[in-house]
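Biologist: Could you take me through this structure step by step, beginning with the whole chain and then turning to single residues?

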Amino acid sequence: MTTNSRSSIERAKPDDTARPEPLAPDTSPSQLRAAGALLLAGPAIFLVAEFIAAAAWTDPPYSYTFHFISDLGVRGPSTLFGQYMHSPLAWVMNTGFFLFGITIFAGTATLRGLPGRRRWAVLVPATLLAVGGVLLALFPGSGEALKDGTGEFHSLGAFAGFVGGNVLAIVLGSMRRRVGFSPILGKSLIAVGVIGLLAMLLYLVAIFSAGDTVVGIIGLVERGAVHPFLIGLICAGASILHRSPRKRARS
């Protein structure tokens with residue numbers, strides 16, 4: 001009797017290696033592939049645009065450790081927080097800002113198999129991320145923007161992007177069985193989201209306490225709030241894209 005009770009309890013325990021729950025029937029294989037491709041493409045657009053714009057900034061060389069990410073979207077020349085901004089390919093970075101959030105939002109919206117509150121839990125942070133990207137693109141964070149008031153829109157866009165992207169990673173990771181992620185990927189998404197939010201808090205503290213000149217590693221701190229969730233979403237998109245839908249048995 002004791003042995004049978006133990007067996008029943010063990011069967012009742014949640015198993016992390018259990019097969020993921022399938023998405024609702026209204027999510028077709030083509031929708032899954034589209035969602036995966038878009039979730040992969042959005043962060044890739046950001047990272048490629050960042051790399052191209054940074055590579056073109058050579059006098060003096062752009063620093064991933066020191067410079068803000070948004071400096072790459074300022075044609076300049078301009079100065080803010082002690083940083084000289086003069087990005088020859090500012091339009092590339094601003095295009096990346098504009099497209100990446102919208103693309104990620106489209107990817108999450110395509111996951112139509114998420115029911116009820118779960119769907120809204122994904123769409124709300126994805127919307128924040130999309131709005132943040134658009135604001136960053138339309139209102140570059142230059143010294144002049146700080147003076148004419150448009151810098152507030154840029155700051156709002158950055159904050160929306162930080163929160164939206166990291167919360168989205170956490171939500172997707174927590175729904176890993178429903179979306180079809182492995183236990184490792186699900187936990188990793190939650191981890192990168194938490195790391196990103198902590199880095200965001202450190203970034204905000206550094207900004208508000210810096211005065212006219214920010215610390216020399218502010219670019220690295222900011223990237224700690226952005227790059228982890230971008231990489232996490234790339235992995236999530238790749239996982240969905242390569243997920244093989246079950247074949248229906250022939251009658």
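Modeller: What follows is a set of questions and answers on this structure, which is a predicted model.

Biologist: In what order do the elements of the protein chain run from the N terminus on?

Modeller: The model is a predicted one, and its protein chain has 9 helices and 2 strands. Reading from the N terminus on, the order of these elements is α-α-β-β-α-α-α-α-α-α-α.

Biologist: What percentage of the residues of the protein chain count as buried?

Modeller: A residue counts as buried when its relative accessible area is under 20%. The accessible surface of the protein chain comes to about 13,000 Å², and carbon and sulfur atoms hold 66% of that surface. Of the 251 residues in the chain, the share that count as buried is 44%.

Biologist: Among contacts with a separation of 6 or more, what percentage is accounted for by residues 24 or more positions apart?

Modeller: Two residues are in contact when heavy atoms of theirs lie within 4.5 Å. If we take the contacts in the protein chain with a separation of 6 or more, the part that joins residues 24 or more positions apart is 72%.

Biologist: Which helix gives the most to the lining of the largest pocket?

Modeller: The largest pocket holds about 640 Å³ of space, and of the 32 residues that line this pocket, the closest to its centre are Ser70, His154, Ser155, Ala158 and Tyr203. The lining divides into 21 nonpolar, 8 polar and 3 charged residues. At least two lining residues come from each of H3, H5 (143-148), H6 (151-174), H8 (183-210) and H9 (218-241). With 9 residues, the helix that gives the most to the lining is H6.

Biologist: Is Thr108 buried or exposed?

Modeller: Thr108 is found in helix H3, which covers residues 90-110. Leaving aside neighbours within four places in sequence, Thr108 is in contact with Leu39, Arg119, Val122, Leu123, Ala126 and Leu168. Because its relative accessibility is 1%, Thr108 counts as buried.

Biologist: How far apart are the C-alpha atoms of Gly101 and Ala130?

Modeller: Gly101 also has its place in helix H3, and Gly101 counts as buried because its relative accessibility is 0%. Beyond four places in sequence, Gly101 is in contact with Leu129 and Ala130. Although Gly101 and Ala130 are 29 residues apart along the chain, the separation of their C-alpha atoms is 3.8 Å.

Biologist: Which residues does Ala53 touch, not counting residues up to four places away in sequence?

Modeller: Ala53 is found in helix H2, and because its relative accessibility is 0%, Ala53 counts as buried. Ala53 and Asn94 are 41 residues apart in sequence and 9.6 Å apart in space, C-alpha to C-alpha. Once residues up to four places away are set aside, those that Ala53 touches are Leu72, Leu89 and Met93.

Biologist: At what distance does the side chain of Trp57 reach the backbone oxygen of Pro60?

Modeller: Trp57 lies in the loop between H2 and S1, and Trp57 is buried because its relative accessible area is 2%. Not counting residues up to four places away, Trp57 touches several others, including Tyr62, His67, Asp71 and His86. The side chain of Trp57 reaches the backbone oxygen of Pro60 at 3.0 Å.

Biologist: What kind of peptide bond joins Asp59 and Pro60?

Modeller: In general, most peptide bonds are trans. Pro60 is found in the loop between helix H2 (29-56) and strand S1 (78-80). With omega at about -5°, the bond that joins Asp59 and Pro60 is cis.

Biologist: What is omega for the cis peptide bond between Gly76 and Pro77?

Modeller: Pro77 is found in the loop between H2 and S1. Gly76 and Pro77 are joined by a cis peptide bond, for which omega is about 0°.

Terms used
Residues are numbered from 1 along each chain as its sequence is written. This is a predicted model: local features need pLDDT of at least 70, side-chain atom pairs count only at pLDDT 80 or more; totals for chains, interfaces and linings use all residues. Side-chain values use heavy atoms; hydrogens and water are left out. Helices (H or I, at least four residues) and strands (E, at least two) are DSSP runs, numbered from the N terminus. Buried means under 20% relative accessible area, exposed over 50%, partly exposed in between (1.4 Å probe, protein chains only). Accessible areas come from the Shrake-Rupley method with a 1.4 Å probe; for residues, only the protein chains shown count as cover. On a 1 Å grid over the protein atoms alone, a cavity is a set of points where a 1.4 Å probe fits but cannot get out, and a pocket is an open set with protein on both sides within 12 Å along at least five of seven lines; lining residues have an atom within 4 Å of a point. Grid points are joined across faces, edges and corners, and a volume is the space filled by probe spheres set on the points. Ala, Val, Leu, Ile, Met, Phe, Trp, Tyr, Cys and Pro count as nonpolar, Asp, Glu, Lys and Arg as charged, and the others, Gly among them, as polar. A polar contact is a pair of N or O atoms within 3.5 Å; within protein, one must be able to donate a hydrogen and the other to accept it, and residues adjacent in sequence count only if both atoms are side-chain atoms.
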